[in-house]
Amino acid sequence: MQKKTNDKDMPPQICRPLASKSKRGGGNHKFFLKTYGCQMNKLDSEAIAGALSELGYEMTVSEKEADIILLNTCSVRDLAEKKALGKLGLLKKLKKKKGNLLIGLAGCLAQHKGEEILKKNPHLDFVVGTREIDRIPELIAEAVERKKRISALSSCREIKEPSSYLRADNIKAFVYVMRGCENYCSYCIVPYVRGPEKSRPSKDIVSEIKSLADSGYKEVCLLGQNVNSYGRGLKEGIDFSGLLEKINSIEGIYRIRFVTSHPKDISEKLIDSIADLDKVCESIHFPLQSGSDKILKLMNRGYDLSDYIKIVDRLRGQVPDVSISTDIIVGFPGETEEDFNRTVKTFEEIRFDSSFIFKYSHRGGTAASRLEDDVPFDVKLERNKCLLSLQGEISQKKNDCLIGEKQEVLVEGPSRKNIKMYTGRTRQNKIAIFPGCDDIKGKLVSFIPERASPNVFYGKIENSKL
Ligand code: SAH
Ligand code: SF4
Ligand code: F3S
């Protein structure tokens, strides 16, 4: 691990807690941080944890032990909001018992409904939006010193890139390449809670990844709501393929992944990059959302089914072993049985490697919220189950075809479910489970699948490649 630094010009580092610097007196103050939502929130949480560690707080997995409890929330669907609000409600008791406990709500739900939530929950000390998370240490100090409740919910502030992260993993790391989104898909809250799209200069990204490589990281996953539009608005005249090329030449990094790709912005150049750049993994997540052109139009997605299929064909033509995963929303306003059957047919034709199926959730303030949420909940549920089961069958058949076929796996460590077994991922992002030992952690190995479930390969390793 590298030394921690606050220097703005230095790349973000992996940090260790410095207990002696605690601003709350003593040196054993602890924070508990729970994260909801997507990879962006996970990375934001790693930045928050890094900042609190710099302040001297130690991370704990026990809420009872904590002096600060932070919930980093998601607002993408109603259920995500309910989970976080439910948890916040449960914390009331703990706050009563421990008067000096600080409770904070961060992230997308805080950004969306922070003021209202603060009013309704007197036990909540502060709410902090997505564009102010770098101010959390300052807000905590203010809440403690002035004994007042705080809201920091600016929607236009430029977020300062973190100077340190406390990362959950030491083999794979998420790296921001852009923040925000301005695609305004009609169902989606993200542009309203994450603000406009902004790409990060490539030199900052490269220097962060070099520093990760120096610290022993082997894989990076580049994050953005629509990575394919990377570079828009930057003076340096670079696109996502150009960025991949730069990262591909960083020594020590073995693998590059990225999420999410918006079908309307996937270029031939990007497909060439996946085919030609050796570290870019043959796996892509690009959400289709629906197989019906009528629904895609209502969703304001900017492509139709034939555009999407053209990309799939081109990808599979140039990168034959590519794995493709997708997101689907069922029960969007106006989705008829016929529209849904188009999605089912598309599933049968494209045969995705995996997919995430969501039930449409009405989000106040979005364009789709003006449409009647007219698909009954049980119909949404039925459609969701139907696609899940179809995907299960397809994934099983696809994985069965790979039994006995050698795969490159990056070993991540002991499996959580069975510590005698080790786990890693194939280049196609499929989970592999095999007998192993700590010596191969962080190494690329040659893995032979012996049996498969829809989501996991079980097998053995032949040898360590590196
Ligand atoms: N930027 C990514 C997706 C981010 S949100 C992209 O465009 O691909 C992740 C997924 O949540 C979306 O792909 C969509 O399938 C789902 N989602 C977003 N808003 C939703 C809503 N209101 N109801 C149900 N699912 C939703
Ligand atoms: Fe939401 Fe669309 Fe932006 Fe993805 S691209 S975050 S679905 S608005
Ligand atoms: Fe992610 Fe949820 Fe926010 S999906 S961007 S944490 S609304």
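In this predicted model, the centres of domain 1 and domain 4, taken over C-alpha atoms, are separated by 26 Å, the domain bounds being those of an automatic or database domain assignment. The contact between them, meaning heavy atoms within 4.5 Å, draws 8 residues from domain 1 and 13 residues from domain 4. About 830 Å² is buried between these two domains, with 52% of it on carbon and sulfur atoms; buried area is the accessible area (1.4 Å probe) that two parts lose on being put together, summed over both. Of the area that domain 1 buries against domain 4, I171, R255 and R257 supply 61%, more than any other three residues.

Around ligand 3, the residues with a heavy atom within 4 Å are C38, N41, C74, S75, V76, C108, R194 and Q225. This shell comprises 4 nonpolar, 3 polar and 1 charged residues, where Ala, Val, Leu, Ile, Met, Phe, Trp, Tyr, Cys and Pro count as nonpolar, Asp, Glu, Lys and Arg as charged, and the others, Gly among them, as polar. The shell around ligand 2, which includes C181, C185, C188, H262 and R301, has 7 nonpolar, 3 polar and 1 charged residues.

Residues are numbered from 1 along each chain as its sequence is written, and chains are lettered from A and ligands numbered from 1 in the order in which they are written. Local features need pLDDT of at least 70, side-chain atom pairs count only at pLDDT 80 or more, and totals for chains, interfaces and linings use all residues, while side-chain values use heavy atoms, with hydrogens and water left out.
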